[in-house]
There are 2 protein chains.
Amino acid sequence: MKTLPGFRDLFPEDFARRRYLSGLWREAAGRYGFVEFDGPTLESSELYRKKNSGGEILGQLYEFTDKGDRSVALRPEVTPTLARMVAAKHREYPKPIRWFNVGTCFRYERQQRGRLREFLQFNCDLLGDATPAADAEVVALLIDLLRSFGLGSEHFAIRLSDRSAWHDFLALHGVESACAGEFLNIVDKMEKMPVEKTEELLAPFGIPLATIHQFIASGRIPALDPLLADLEARGLREFVRPDLGVVRGLAYYTGVVFEAFALQGNLRAIAGGGRYDRLLADLSDGSADLPAVGFGVGDAVLLELINEIPAAKSLEEKFLTSVPPVQIYLVIADEKQRAKALGLAQQLRGEGWRLAYPLGPEKVGKQFGTAESLGASHAVVIGSEWPSVTVKYLADRMEQELDHSALAVWLAESKALTS
Amino acid sequence: MKTLPGFRDLFPEDFARRRYLSGLWREAAGRYGFVEFDGPTLESSELYRKKNSGGEILGQLYEFTDKGDRSVALRPEVTPTLARMVAAKHREYPKPIRWFNVGTCFRYERQQRGRLREFLQFNCDLLGDATPAADAEVVALLIDLLRSFGLGSEHFAIRLSDRSAWHDFLALHGVESACAGEFLNIVDKMEKMPVEKTEELLAPFGIPLATIHQFIASGRIPALDPLLADLEARGLREFVRPDLGVVRGLAYYTGVVFEAFALQGNLRAIAGGGRYDRLLADLSDGSADLPAVGFGVGDAVLLELINEIPAAKSLEEKFLTSVPPVQIYLVIADEKQRAKALGLAQQLRGEGWRLAYPLGPEKVGKQFGTAESLGASHAVVIGSEWPSVTVKYLADRMEQELDHSALAVWLAESKALTS
């Protein structure tokens, strides 16, 4: 019995890392006034096939027919679900809408490092504002998010581009706008493809590769000026780089697009996003015409990056050791007092303490060993002295005898010591 | 474009309720020393088909063939995944293992109130201890969990039973143990089935329905005595009721089984669980022979129950209003100061405040309206007085002018006021 390839078992030590990730994601979103939503894991396939995600995602769908003969798919990304939900109820929410999601997505990808078939993704989307001020909020949030993991401008940068610059370029070279999507998909893959392959794919468009390289190298994207000025005012200009080489692979992007990437190692993409001003109108047949901008970050690359950067790793380790499974361990030194111990366990848990005790008779020394391995700061020894108990502070073995009825108050006052 | 039947869109107001639920689930598990794990959403179908879940779950599987020709299924429950994971690595963990999971599960159920096709489930499992002390820990945790939602002994009870009592009963009536599973499935469904149907299904076993009713009414389950004594010592005896009528529908249960149910309305089952001492050995062909006991709670029935019980509803509402989307709203009274406002926004978010501001020019009155609708406690007015700003405490419109450089400290000191 094995896990399917590309899927993960998250043992408690793995899950603690996930909690660290998703906790910081949620905190960053919260500081920007974003609120959390979620949608179904399974959607009608049509949601992804109808004027949507496009590109390679459609070939990677986990798609099947359910027992009710519906064509369904596990979500490969959350944006179409978000667009569907906002389109249905947008009149009930003041604009701009600031929503985020932490959810699992599924893509049948070729197996490779950092690519999984089920992954956790953080999505942030701002809807109902078409200005660069909205783009800036979202890009700034992404920068702050990455900084909260201990990553600095020496570790990552955000390449900013604008698809409208590419549309102007295509118009100039006589390419019809209906073919823009196909063309941009080639540009998106260009950096990872052999030159010959790129030239072959570009042939039908009649634009030489050199012309494209020249355009990218020109670097001027005037449409980005207000966004850059906004980021400058926030003191975040150093994190972004205008770069026409970024176009993103999803078909629904319309204007600004961006990609965060790691500056060390093989320049992996950490996150990506952009503006999709027509998706809601398309999905709702025009009834909800809201501009939108957002981004997504997956968990796998971020976890790898944290492992590679000492400052980030040490922040993570600080978090991982900060919440031990147990705060108090009851040592039952005399089995005759077990019923008393159970009552005390119940009382202290009721006060909110994380507590464990041996389920059966055990030598006292072994019980202390368990207390330490569970990370308890205090052991409470219950023995023949009942109603007196002995509290041991495990860090220095300092101990104190007191009546069990005074224990809850004593522990509450010692709370500062333990946290 | 619609959500599939039995699936849910969780708009932010719905997601807040989910956060309330999963937050209290996690806190209760933490107080009992349980740590969180998770497994894949998609598993090999074999995991559920091989000596496992059994019963009606197999007929409700979301099952399909993936692009790699594997027979796969969305998890209908988490216990088989847990058993697979623990069987694989149990030597690395001290016993008893106390793990919990909060995860979505999928069952193609007939559409009815409180039954969804994708639902969130809380699972708690204690592995490596076969004694009633372990059963008591898990039952006590379930009781505390339900109490943390404001539910008391007037709202719910836990029916406790033991499958071994049924096995003795069957042996007494000459039914082979291989047929026990099928027989217990009938008993499990009996309360909801017409008498004629039950009698028809029981015919092959040669045990009259009256004999079964008599056995259930006898009520004596001596095997439960140590568990009841343990709960008594904790002060939790009033929450449980020995009741042979409970057998649970899953094929893998071996000993104690239990079911929490609502005492008002139609006595819905809120949670269920039991002992499954052979599942790990079965899944690992004997290499990991660990006894186990656990339970699961779904979100749908619990959310319904909270709605019906005023004490529970008011606890929930207290939580829902305790964390407004935004704490501070920047009112930009003079557009010329927008760049300063952006810098200040960045600084205050860096201090951890949840903050928003208008993305474009807006009348000051409208900005104050937005501040209030987002739940901000403070508005910071940035205008021509810069570098001075005015802080307004929105509850009573008390205001104070101060230099923007002193704002962060001022707000930090006022934190007690706002939370």
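In the predicted model, A:P387 is placed in the loop between β14 (378-382) and β15 (388-393) of chain A, and the peptide bond that joins A:W386 to A:P387 is cis, with omega of about 15 degrees. The corresponding loop of chain B, between β14 and β15, holds B:P387, and a cis peptide bond with omega of about 15 degrees likewise joins B:W386 and B:P387. Most residues other than glycine have a negative phi, and most peptide bonds are trans.

Phi of A:D69 is near 65 degrees, a positive value in a residue other than glycine; A:D69 lies in the loop between β3 (63-65) and β4 (71-74) of chain A and is exposed, with 6 other C-beta atoms within 10 Å. In chain B, B:D285 has a positive phi of about 50 degrees although it is not a glycine, and B:D285 is found in the loop between α10 (279-283) and β11, where B:D285 too is exposed, with 9 other C-beta atoms within 10 Å.

A hairpin joins β14(B) to β15(B) through five residues, and β14(B) pairs with strand β15 (residues 388-393) of chain B in the antiparallel sense over four bridges, with B:A379 standing opposite B:K392 in β15(B). Strand β14(B) also pairs with strand β12 (residues 328-332) of chain B, in this case in the parallel sense and over five bridges; among these, B:I332 has B:I382 of β14(B) as its bridge partner. Five of the five residues of strand β14 (residues 378-382) of chain B are buried, so this strand is largely enclosed by the rest of the structure. In a regular strand the side chains alternate between the two faces of the sheet. Burial extends to both faces of β14(B), with B:H378, B:V380 and B:I382 buried on one side and B:A379 and B:V381 buried on the other.

Two further sheets of chain B were described. An open sheet of eight strands with mixed pairing has the order β1-β5-β6-β11-β10-β9-β7-β8. Its edges are formed by β1 (35-36) and β8 (240-242) of chain B, each of which has a single partner strand, so one side of each is left without a neighbour in the sheet. Within this sheet, strand β6 (residues 118-127) and strand β11 (residues 292-298) of chain B pair in the antiparallel sense over seven bridges, and the bridge partner of B:D125 in β11(B) is B:G294. Helix α11 (residues 299-308) of chain B packs on the sheet, where it touches β6, β9 (256-262), β10 (269-275) and β11, and the direction of the helix makes about 55 degrees with that of β11(B).

The other sheet is open and has three strands in the order β2-β4-β3 (chain B), with antiparallel pairing. Its edge strands are β2 (42-44) and β3 (63-65) of chain B, each pairing on one side only, and neighbouring strands are turned by 35 degrees against each other on average, direction ignored. Three bridges join β2(B) to strand β4 (residues 71-74) of chain B, and B:E43 has B:A73 as its bridge partner in β4(B).

In chain A, A:D162 is placed in strand β7 (residues 156-162) and is buried, with 26 other C-beta atoms within 10 Å. Leaving aside neighbours within four places in sequence, A:D162 is in contact with A:I221, A:A223, A:L224, A:G255 and A:V256. The C-alpha atoms of A:D162 and A:G274, although 112 residues apart along the chain, are separated by 8.6 Å. At the level of domains, the assignment for chain A gives domain 1 (12-319) and domain 2 (328-418), and the C-alpha centres of these two domains lie 51 Å apart.

Finally, the arrangement of the two chains was considered. Chain B can be laid on chain A with an RMSD of 0.0 Å by a turn of 180 degrees and a shift of 0.0 Å along the axis; the two copies are thus related as by a two-fold rotation axis. The same surface serves both copies, as 100% of the contact residues of chain B recur in chain A. The contact takes 67 residues from chain B and 67 residues from chain A, and the largest share of the side of chain B that touches chain A, five residues, comes from helix α13 (residues 338-350) of chain B. By class, this side of chain B has 34 nonpolar, 14 polar and 19 charged residues. Of the residues of chain B, B:F64 comes closest to the rotation axis, with its C-alpha at 3.2 Å.

Conventions
Residues are numbered from 1 along each chain as its sequence is written. Chains are lettered from A and ligands numbered from 1 in the order in which they are written. This is a predicted model: local features need pLDDT of at least 70, side-chain atom pairs count only at pLDDT 80 or more; totals for chains, interfaces and linings use all residues. Copies are superposed by least squares on the C-alpha atoms of residues with pLDDT of at least 70 in both. Two residues are in contact if their C-beta atoms, placed from the backbone, lie within 7 Å. Helices (H or I, at least four residues) and strands (E, at least two) are DSSP runs, numbered from the N terminus. Ala, Val, Leu, Ile, Met, Phe, Trp, Tyr, Cys and Pro count as nonpolar, Asp, Glu, Lys and Arg as charged, and the others, Gly among them, as polar. Domain bounds come from an automatic or database domain assignment. Two strands pair if DSSP finds at least two bridges between them. Axes are lines fitted to C-alpha atoms, for helices over the stretch in contact, and angles run from 0 to 180 degrees between N-to-C directions. A residue is buried if 20 or more other C-beta atoms lie within 10 Å of its own, exposed if 12 or fewer, and partly exposed in between; C-beta atoms are placed from the backbone.
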